[in-house]
Amino acid sequence: MKLHTSKPLHGTITVPGDKSVSHRSVMLGALADGTTHVTGFLMGEDCLSTIDCFRKMGVQVEIGDNNTITVHGVGLHGLHKPSEQLYTGNSGTTTRLISGILSGQSFETALTGDASIQKRPMGRVIQPLRQMGADITGVDDKFCPLTIRPSKLHGMEYILPVASAQLKSAILLAGLYADTPTTVVEPAPSRDHTERMLRALGCRVKADGCRITVYPPEKLTACDVTVPADISSAAFFLVAGVIVPGSVVTIRNVGVNPTRDGVIEVLKNMGADITLENLRDDGEPICDITIRASKLHGTEIGGDIIPRLIDELPVLAVAAACAEGTTVIRDAAELKVKESNRIAAMVTELTRAGADVTETEDGIIIHGGQPLHGAAFDTYQDHRIAMSMAVCALVCDGESEIKDNNVVAISYPNFFDTLKQLGG
């Protein structure tokens with residue numbers, strides 16, 4: 001994909017549905033009694049992997065028009081042993097969350113994903129599930145493929161070593177099958193989509209600050225799910241709109257869950273002109289966001305805000321490269337174990353464009369304001385790196401190239417079409 005220095009971006013867009021909510025709508029819809037109708041579902045490769053896994057366990061999932069799906073629930077104990085290994089593709093969310101569900105089943109399951117998934121740390125899920133009584137093993141007890149055998153699960157209290165919604169959710173979902181309540185204690189709040197959806201399905205979930213307890217339900221009762229537009233996908237256009245001179249971009253129906261809206265807070269702290277309008281609640285808080293080109297300045301990004309914007313840090317690094325002054329991103333070591341080592345990837349690619357960036361043990365230091373020039377950017381087979389560098393290319397002098405650009409299909413199949421729609 002070739003990109004050139006952009007003219008001002010103008011227009012109103014809607015980005016795809018939230019990936020986290022889409023995954024959970026399939027998983028919890030499958031475990032509910034009744035039929036779940038989902039609107040705004042993300043038809044990206046990761047979420048389609050979740051559908052595929054549950055279809056292999058006997059769940060009927062119909063894909064309709066206009067990003068709708070229908071999940072015919074089989075109940076908490078209605079899944080069937082798959083006839084083949086479950087394959088999660090590139091989806092860490094599918095792999096970790098489904099591990100919790102499979103730990104409570106009466107059949108053995110083998111679980112794996114692509115080459116990237118097989119390198120991503122699963123020990124952090126294996127160990128707490130074992131403490132609950134799960135019979136789960138992996139390669140070196142750390143990596144996929146995983147084998148999960150039937151066992152009786154027991155409730156427990158578990159203190160998370162890192163603020164991770166995937167790890168928290170895996171334990172809470174296993175807790176649905178435990179004999180007593182299960183409590184997870186977070187070091188900082190992470191996205192709470194699992195807790196919200198469990199409550200909507202009739203499960204008792206108690207949250208006391210960073211202490212979350214799930215009480216094993218007799219059943220889950222299906223309800224319809226409206227998936228908001230994904231703030232992680234919107235973030236690319238928020239940054240594009242603020243760094244391309246003369247731009248005004250409005251993004252409709254964006255999910256602004258307070259455990260996910262850190263990108264808005266950071267951009268405002270950097271001087272961005274952002275307006276939130278038409279705020280409402282449809283199971284998740286939603287609003288329309290308008291961003292105007294602004295002069296940005298450096299900031300510090302660290303501490304408790306990191307779990308609220310972990311997926312947006314690569315594109316925020318692009319914003320920092322365009323800002324005056326220094327931006328420090330810290331406490332973000334979790335970026336090293338995403339689809340790629342996103343710290344190393346962004347340092348390498350921003351340097352390729354002429355930015356003054358330095359890698360640290362847990363983040364990046366970016367001295368902004370340097371002239372940026374076009375280059376051939378690698379994606380590391382990581383959708384967020386690909387889209388971040390495409391946004392960077394909009395303000396680079398000359399032509400840029402995004403290698404392996406099709407990787408954006410993992411979360412945003414029409415990303416480049418949307419960019420063209422705005423005038424990029």
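**Exercise 1. Describe the largest pocket: what is its volume, and which residues lie nearest its centre?**

Step 1. The largest pocket has a volume of about 650 Å³. This is a predicted model: local features need pLDDT of at least 70, side-chain atom pairs count only at pLDDT 80 or more, and totals for chains, interfaces and linings use all residues. Residues are numbered from 1 along each chain as its sequence is written, and side-chain values use heavy atoms, without hydrogens or water.

Step 2. On a 1 Å grid over the protein atoms alone, a pocket is an open set of points where a 1.4 Å probe fits, with protein on both sides within 12 Å along at least five of seven lines; lining residues have an atom within 4 Å of a point. A volume is the space filled by probe spheres set on the points, which are joined across faces, edges and corners.

Step 3. The lining of the largest pocket counts 38 residues; Ala 163, Ser 164, Ile 310, Glu 334 and Lys 338 lie nearest its centre. Two or more lining residues come from each of α1 (19-31), α3 (92-102), α5 (165-175) and α11 (383-393). Helices are DSSP runs of H or I with at least four residues, strands runs of E with at least two, numbered from the N terminus.

**Exercise 2. Is Arg 191 buried or exposed, and which side chains make polar contacts with its side chain?**

Step 1. Arg 191 sits in the loop between β11 (182-185) and α6 (193-200).

Step 2. Arg 191 counts as buried because its relative accessibility is 10%. Buried means under 20% relative accessible area, exposed over 50%, partly exposed in between (1.4 Å probe, protein chains only).

Step 3. Its side chain makes a polar contact with that of Ser 20 at 2.9 Å. Another, of 3.4 Å, joins the side chains of Arg 191 and Asp 311. A polar contact is a pair of N or O atoms within 3.5 Å; within protein, one must be able to donate a hydrogen and the other to accept it, and residues adjacent in sequence count only if both atoms are side-chain atoms.
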